[in-house]
Amino acid sequence: MFDCSKDVRAYHDQDVTLPKSEQDAMRDRRDSNRTRLKNGLEKAGKPKPIEFVKQGSYAMKTMCRDPDNDYDIDDGVYFEKDDLVGDRGAEMTSLQVRQMVRDAVDDGKFKRAPEVRSNCVRIFYEKGYHVDLPVYRRVVTTSTFSEDVHYELAASSGWKRSDARDVSDWYEDERAASADGIQLRRINRDLKKYARSRYSWRSAILSGFGISVLITERFRVSDREDQALYDTMVAIRDRLDCNLVVAHPVTLGDTITNGSDDAKARCFREKLTEAIDTLDPLFDPNCTREKALNCWDKVFATTFFSERLEEEQRASVAAPAIIGSAALLGATSAAASAINSAGGGRHA
């Protein structure tokens with residue numbers, strides 16, 4: 001396979017992963033929403049949250065840069081179950097708690113008001129991204145000899161046993177157990193970027209979480225970044241050829257996909273096959289760097305790779321001129337020194 005390792009790594013670092021400035025901005029928005037929610041709850045005389053827990057791709061650090069700022073930031077809000085009671089002392093329903101959070105975070109400063117969604121409260125921003133606030137309650141059950149603590153999500157179907165930290169912990173465990181957890185996360189971002197590289201794919205293809213699960217199942221490490229990405233693509237495609245079901249990694253019995261012929265998993269498999277076929281010329285012994293980079297451009301629907309080649313070519317043309325100028329300057333200085341040494345210079 002023609003070696004484009006440095007190019008694939010550069011694409012990840014420059015066009016895939018979020019720059020620090022955007023990461024800092026997201027953290028600031030998250031913190032602002034936390035403050036806004038706490039102030040709103042206090043003003044309304046409602047219970048205080050016991051903690052906030054970042055989750056999803058935001059917590060797993062697998063978010064990808066998006067030209068339209070289509071980011072989904074998840075920040076879980078946790079309450080004590082015993083605090084979630086209505087005016088008459090009855091236990092609050094999952095819908096009532098989501099409505100309480102929505103009302104508290106809506107301080108009138110948003111252009112589009114926050115909304116109650118099936119499993120969260122969504123806050124919209126003008127730039128295109130949104131922040132989701134899933135709401136949980138901490139449930140403590142005691143017996144004579146023990147105390148059990150678990151968490152439940154305020155879902156559309158009612159209170160559902162769940163804790164987002166379980167997913168984040170699972171991902172970190174998988175990374176730690178892999179041959180290279182840092183490269184695994186980079187390849188994870190690359191494949192999520194690929195799945196969103198065409199607007200027409202976005203609603204039809206497997207979710208980012210589903211892709212992350214498949215990455216942990218079939219990641220292939222390599223000293224070459226391009227080889228690791230390609231081999232992982234092939235391994236996941238072959239896995240989906242055998243089975244389109246993707247099990248939820250922490251919720252026993254649940255699946256991320258829908259049935260044995262899930263349309264979104266099938267779509268991801270088809271797109272992986274397209275990418276693998278597009279990269280086939282890289283295995284030709286006569287493959288050139290230009291052809292190889294054009295293939296990677298086609299995979300990610302970008303011009304990043306061919307532009308790197310153009311920059312290299314411009315640099316190679318400019319280099320001799322720079323070297324020539326430096327040599328001429330050096331020769332001129334040497335000649336001037338020789339004249340002065342021979343007494344031929346001007347004297348005041």
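The exercises below concern selected helices and residues of a predicted model.

Residues are numbered from 1 along each chain as its sequence is written. Local features need pLDDT of at least 70 and side-chain atom pairs count only at pLDDT 80 or more, while totals for chains, interfaces and linings use all residues; side-chain values use heavy atoms, without hydrogens and water.

**Exercise 1.** Determine whether helix H8 is enclosed by the rest of the structure.

Solution. Helix H8 covers residues 225-242, 18 residues in total. Helices are DSSP runs (H or I, at least four residues), numbered from the N terminus. Next, count the buried residues (under 20% relative accessible area, 1.4 Å probe, protein chains only). In H8, 14 of the 18 residues are buried, so H8 is largely enclosed.

**Exercise 2.** Describe the surroundings of Asp190.

Solution. Asp190 belongs to helix H6, residues 181-195. Asp190 is buried but has no salt bridge (a side-chain nitrogen of Lys or Arg within 4 Å of a carboxyl oxygen of Asp or Glu). The nearest side chain of opposite charge, Arg186, is 6.4 Å away. Leaving aside neighbours within four places in sequence, Asp190 is in contact (heavy atoms within 4.5 Å) with Val8, His12, Val16, Leu229 and Phe300.

**Exercise 3.** How are H6 and H9 oriented to each other?

Solution. The axes of H6 and H9 (residues 263-278) come within 11 Å and cross at roughly 100°. Angles of 65 to 115 degrees count as roughly perpendicular, and H6 and H9 are therefore roughly perpendicular to each other. Residues making the contact include Leu191 and Tyr194 of H6 and Phe268 and Leu272 of H9.

Key: Helix = DSSP H or I, 4+ residues; strand = E, 2+ residues; numbered from the N terminus. Expected span 1.5 Å × (residues − 1). Buried < 20%, exposed > 50% of the residue type's maximum accessible area, 1.4 Å probe, protein only. Lys, Arg positive; Asp, Glu negative; His and termini not counted. Axes fitted to C-alpha atoms, helices over the stretch in contact; angles between N-to-C directions. Parallel < 35°, antiparallel > 145°, perpendicular 65-115°, else oblique.
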